[in-house]
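Reader: I would like a close look at one helix pairing in this model. Please keep to what can be read from the coordinates.

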Amino acid sequence: MARIRVCFPHAAFYFYIREGNKLQECDTDKARSLRPFFQRMPFSHLRLVYPIFVVPYLPRHGTTGGCYRPNRVRRWLGQEHETGVSDADLERFVLEPGSGIIGIPKRKWEATGFKWTVLHEVAHSVDYARNYRLYPAGTRAADFDGVTAFPEGTNNVSEHAVEVYARIIGQAPNICRETAEFQRRGESQAAADQRVVGVLRRGPAFRSLPSSWWTDVGWPAR
Ligand SMILES: [Zn+2]
């Protein structure tokens, strides 16, 4: 199993790609191309990111990206025919260290929007960590009006919050894309974006960060 190491001063994490994969050369460049975005993450979040596996399919032929917390990793056992990841590799790289796992199907990895798939799953691994929820208790899906979440129409608050996080880290031009939804509230694009970023700002994951972090990533307090 090939490992691509993307390093930072205080954290490093790994992309795992099955050997014998013809796309390995460009995969390497792709993994490294994400570095500027990972560098926008606080170190306290970076160290929580699960190892990322680029795979033919997720367990049980899954075709979307997936983030599995540690107690769900066992779903990958016996799935080598789908994932290309043997039980021995899973044991060594994930189960034994007690980590979760991020799976990115090759079809998603090769798509133009691959960066958003990866950042979405990365955001889940931060959100899953104890004391690192991305949003405060009591948050409702409606607090994220204007944010598209997946699967479409979901009321899952985490799915909304991880999208906002991914767009902050990924330097999306707009955070809110459902124009009709925020216009119904009488908001401009800028006001809607500030509102949803404000929800994350109050989340436990950001509690100990200095306000300069927000300024650095382009979201100074108003
Ligand atoms: Zn998700």
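Which residues in α7 meet which residues in α8?

Author: This is a predicted model, where local features need pLDDT of at least 70, side-chain atom pairs count only at pLDDT 80 or more, and totals for chains, interfaces and linings use all residues. Residues are numbered from 1 along each chain as its sequence is written.

From α7, the residues are W116, L119, H120, A123, H124 and D127; they meet S158, A161, V162, E163, Y165, A166 and I169 of α8 (contact: C-beta atoms, placed from the backbone, within 7 Å; helices: DSSP runs of H or I, at least four residues; strands: E, at least two). The axes of α7 and α8 are 8 Å apart, at an angle of about 120° (lines fitted to C-alpha atoms over the stretch in contact, angles from 0 to 180 degrees between N-to-C directions). α7 is therefore oblique to α8 (roughly parallel is under 35 degrees, roughly antiparallel over 145, roughly perpendicular 65 to 115, oblique the rest).

α8 also packs with α10: A161, V164, Y165 and I168 in α8 meet V196, V197 and L200 in α10. Those two axes come within 10 Å and cross at roughly 105°, so α8 and α10 are roughly perpendicular to each other. Leaving aside neighbours within four places in sequence, V196 is in contact with F144, G146, V147, V164, I175 and C176.

The largest nonpolar core has 51 residues, of which L134, V164, Y165, V196 and L200 touch the most other members (buried Ala, Val, Leu, Ile, Met, Phe, Trp, Tyr and Cys joined through C-beta atoms within 7 Å; buried means 20 or more other C-beta atoms within 10 Å). Elements that each supply at least two residues of this core include α7 (114-128), α8 (157-169) and α10 (189-201). α8 gives the largest share, eight residues.

Notes: Buried ≥ 20, exposed ≤ 12 C-beta atoms within 10 Å, placed from the backbone. Contact = placed C-beta atoms within 7 Å.
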